[in-house]
Amino acid sequence: MSDNIMERRDFLKTLLGGLSLAALNWEAFPKGTQESKGTNDFDAVVIGAGLGGLSCAAAFARQGFKALVLEHHSKPGGYATTFKRKGFVFDVSLHSTTVEERNGVHNLIPGFPEIKDIEFVPHPDLYRLILPDYDIRVPHKNLPGYIEILINHFPDEKEGIQGIFDDMKGLTKDIQKISEARGQVNMMTFRQDYPYLSQSVNQTWGQMLDARVKNTKLKFIISGLWGYYGLPPSKLASLYYAMPTIGYLQEGGYYPVGKSQKISDALMKFIEERGGKVMLRTGVEKILVKDHSAYGVKTADGQEFTGKVVVSNANAYDTFHSMMEEDDHLKSYLDRMDTFTASLSTFQVFLGLKKDLVNKVGIKDTEIFYETDYDIEASYKDALNADMENQGFGLTLYDNLYKGYSPEGKNTLNILNLQGYSHWEKYESDYFQGKKKAYRKEKERMADILIDKIEETLLPGLRKAIEVKEIGTPLTNVRYTKNYRGAIYGWDQTLDNSIPRRLPHKTPIQNLYLAGGWTQPGGGYAAVIPSGLECFGEIMQEWKGK
Ligand SMILES: Cc1cc2nc3c(=O)[nH]c(=O)nc-3n(C[C@H](O)[C@H](O)[C@H](O)COP(=O)(O)OP(=O)(O)OC[C@H]3O[C@@H](n4cnc5c(N)ncnc54)[C@H](O)[C@@H]3O)c2cc1C
């Protein structure tokens with residue numbers, strides 16, 4: 001091999017790890033024997049049944065290894081769960097995701113072709129963006145149509161509009177090419193061979209966009225999905241806007257019939273059918289470490305489980321700061337990790353309406369973003385500061401996705417604002433002691449602002465139609481998923497914490513790995529499910545060499 005051919009260099013390995021499941025060579029991986037171990041001894045112990053943890057455990061189970069998942073909540077899924085109130089079933093998180101198809105039917109969870117009984121329905125339009133001077137419906141799976149809409153609004157920017165989408169498509173092609181190359185990349189010609197990728201890994205989304213587009217309003221419109229990734233253009237790594245967004249535009253946005261819980265339940269069933277175990281209501285307190293090597297976990301009720309590897313789907317902050325005492329050994333790792341910021345959290349109002357108001361008003365949209373100006377940087381600051389008056393909102397009208405979402409003749413709505421955690425810190429201690437009077441008052445105040453805004457702009461008669469109202473704050477996110485600062489995408493997806501620099505699966509503690517939003521490749525359904533698989537793939541590579 002020539003010196004220029006670098007096989008599986010760290011850079012490429014992490015890049016590939018985060019971008020493609022094609023690198024997973026299941027046939028070449030070792031196989032589990034399913035041989036009976038002690039009741040509390042497993043091949044892999046996974047902390048947390050979020051999608052990243054479930055997908056990792058499912059991969060172990062598929063390969064014949066004994067996997068155990070320990071989850072503190074009473075249901076699997078982390079954010080991918082639902083809850084019931086008076087006949088309404090609310091989705092905790094999912095609005096839209098990309099899926100795989102077989103014979104034209106969208107029924108496959110990426111990486112899990114065996115699970116084919118979940119029907120995914122498309123958002124008829126990817127989303128609708130309402131701005132002071134524009135009302136744009138981004139068409140389903142129709143990038144040329146979307147480009148035409150933008151050019152009609154901004155004819156002077158035709159070249160820039162075509163250019164930015166060409167860049168995004170070029171990036172996708174580069175990534176496809178590099179994953180097909182499976183690490184066999186000539187570093188001397190890397191820039192020429194992968195021009196879009198080599199540029200993008202050092203660019204924010206703002207820089208990538210600025211290189212093509214001048215008009216501020218147009219920039220806002222093209223960045224209309226920023227809330228799906230949680231950072232404004234000046235901070236968000238370009239890969240994290242360009243890749244998923246072009247995926248959504250070209251492949252469409254989908255939602256599972258049966259809601260997000262259906263995905264989590266299917267993965268849990270997959271694990272159990274293959275001899276694995278998922279223990280709910282079982283929080284992990286400590287990761288057992290000896291000589292800087294993890295060998296198991298201890299639960300809050302004192303049980304110990306051992307494993308060849310421990311995979312943490314719990315947030316990375318707690319994994320290292322609360323579940324072990326390895327600060328000295330981890331010094332340089334933690335020095336770096338502690339410079340990262342947690343991504344934004346959410347403020348949500350879940351509404352069950354006693355009548356079909358959506359149909360009565362005649363709104364056919366499923367996902368609406370309503371913004372009051374063209375300054376995403378300011379919107380981000382408002383979100384950080386929980387300034388509800390100034391913020392726009394996201395509204396999901398689930399009944400327009402499929403019939404039967406709500407009880408007959410009723411509606412299920414979700415109003416969502418991204419929100420920082422700081423505002424809620426003052427309520428934290430009381431909240432976890434069950435003293436919620438002031439907290440409730442504050443969340444009701446914020447919910448009222450949002451309900452009023454929607455009543456005024458989109459759904460007259462909303463307040464009177466409410467039958468059920470639930471409010472979720474950043475503290476709710478912490479309570480149910482234990483995510484550090486209620487973050488929804490793990491660490492902020494900034495340039496210094498994105499592929500290939502995002503915290504890797506492998507940690508400095510031997511046999512301890514990370515899967516889910518806090519590690520590679522990042523947050524969101526279409527990233528955390530692959531995250532679990534990639535994590536498994538890395539462990540297999542290591543076991544193969546032993
Ligand atoms: C309101 C909202 C809307 C969203 N909308 C979308 C969307 O439309 N599309 C999209 O793609 N993404 C969306 N996301 C993001 C997506 O939901 C997350 O990125 C993803 O689900 C995170 O998965 P994860 O594997 O990192 O685990 P998490 O969902 O964070 O789950 C971690 C699990 O670990 C468990 N755990 C933690 N600590 C312990 C412990 N000590 N012991 C035992 N168990 C523990 C938790 O209880 C939890 O079940 C949204 C998120 C939110 C909150």
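In the predicted model examined here, helix α10 is followed by G275, a residue whose phi is positive, near 90 degrees. The helix itself comprises 15 residues, residues 259-273, and at 1.5 Å a residue it should span 21 Å; the 22 Å that separate its end C-alpha atoms agree with that expectation. Helix α10 is mostly covered, in that twelve of its 15 residues are buried, and these are K259, S260, Q261, K262, I263, S264, D265, A266, L267, M268, F270 and I271. The elements against which the buried residues of α10 pack are helix α2 together with the strands β3 (67-70), β4 (82-85), β5 (88-91), β12 (254-256) and β13 (277-279). Within this helix, K259 has a positive phi of about 70 degrees although it is not a glycine. K259 is classed as buried because 23 other C-beta atoms lie within 10 Å, the cut-off for burial being 20 or more.

K141 is placed in the loop between β10 (135-139) and α3 (143-153), and, with 14 other C-beta atoms within 10 Å, K141 is partly exposed. G170, which belongs to helix α4 (residues 158-180), is likewise partly exposed, with 18 other C-beta atoms within 10 Å. The C-alpha atoms of G170 and Y431 are separated by 48 Å, and the two residues are 261 residues apart along the chain.

The largest nonpolar core contains 148 residues, of which A44, V46, A57, A67, V69 and I271 touch the most other members. Helix α19 contributes ten residues, the largest share of this core. When neighbours within four places in sequence are left aside, V69 is in contact with V46, A49, G53, L54, A57, I271, V278 and M279; I271 is also listed among the buried residues of α10. A second, separate core of five residues includes Y421, Y427, L475 and V478. In soluble globular proteins, nonpolar side chains tend to be buried together.

Helix α19 has 20 residues, which at 1.5 Å each should span 28 Å, and the distance of 29 Å between its end C-alpha atoms agrees with this value. Because 16 of the 20 residues of α19 are buried, the helix is largely enclosed by the rest of the structure. Y525, which lies in this helix, is buried, with 25 other C-beta atoms within 10 Å. Neighbours within four places in sequence again being excluded, the contacts of Y525 are with L51, A80, L94 and T97. Y525 and P110, although 415 residues apart in sequence, are 9.7 Å apart in space, C-alpha to C-alpha.

Cis peptide bonds were found at two prolines. One joins I499 and P500, with omega about 5 degrees, and P500 is located in the loop between α18 and β22 (512-514). The other joins Q520 and P521, with omega about -10 degrees, and P521 lies in the loop between β22 and α19.

Eight residues from domain 1 and five residues from domain 3 take part in the contact, and the side of domain 1 that touches domain 3 divides into two nonpolar residues, five polar residues and one charged residue.

The ligand is surrounded by 39 residues, the closest being G48, G50, G52, G78 and G516. Domain 1 and domain 3 each provide at least three residues of this shell. Among the secondary-structure elements, α2 (51-62), β17 (345-353), α18 (474-481) and α19 (525-544) each supply at least two residues of the shell around the ligand. By residue class, the shell consists of 15 nonpolar, 22 polar and two charged residues.

Conventions: Residues numbered from 1 in each chain as written. Predicted model: local features only at pLDDT ≥ 70, side-chain atom pairs only at ≥ 80, totals over all residues. Near = placed C-beta within 6 Å. Helix = DSSP H or I, 4+ residues; strand = E, 2+ residues; numbered from the N terminus. Nonpolar A, V, L, I, M, F, W, Y, C, P; charged D, E, K, R; others polar. Domains from an automatic or database assignment. Expected span 1.5 Å × (residues − 1). Contact = placed C-beta atoms within 7 Å. Core = buried A, V, L, I, M, F, W, Y, C linked by C-beta atoms within 7 Å.
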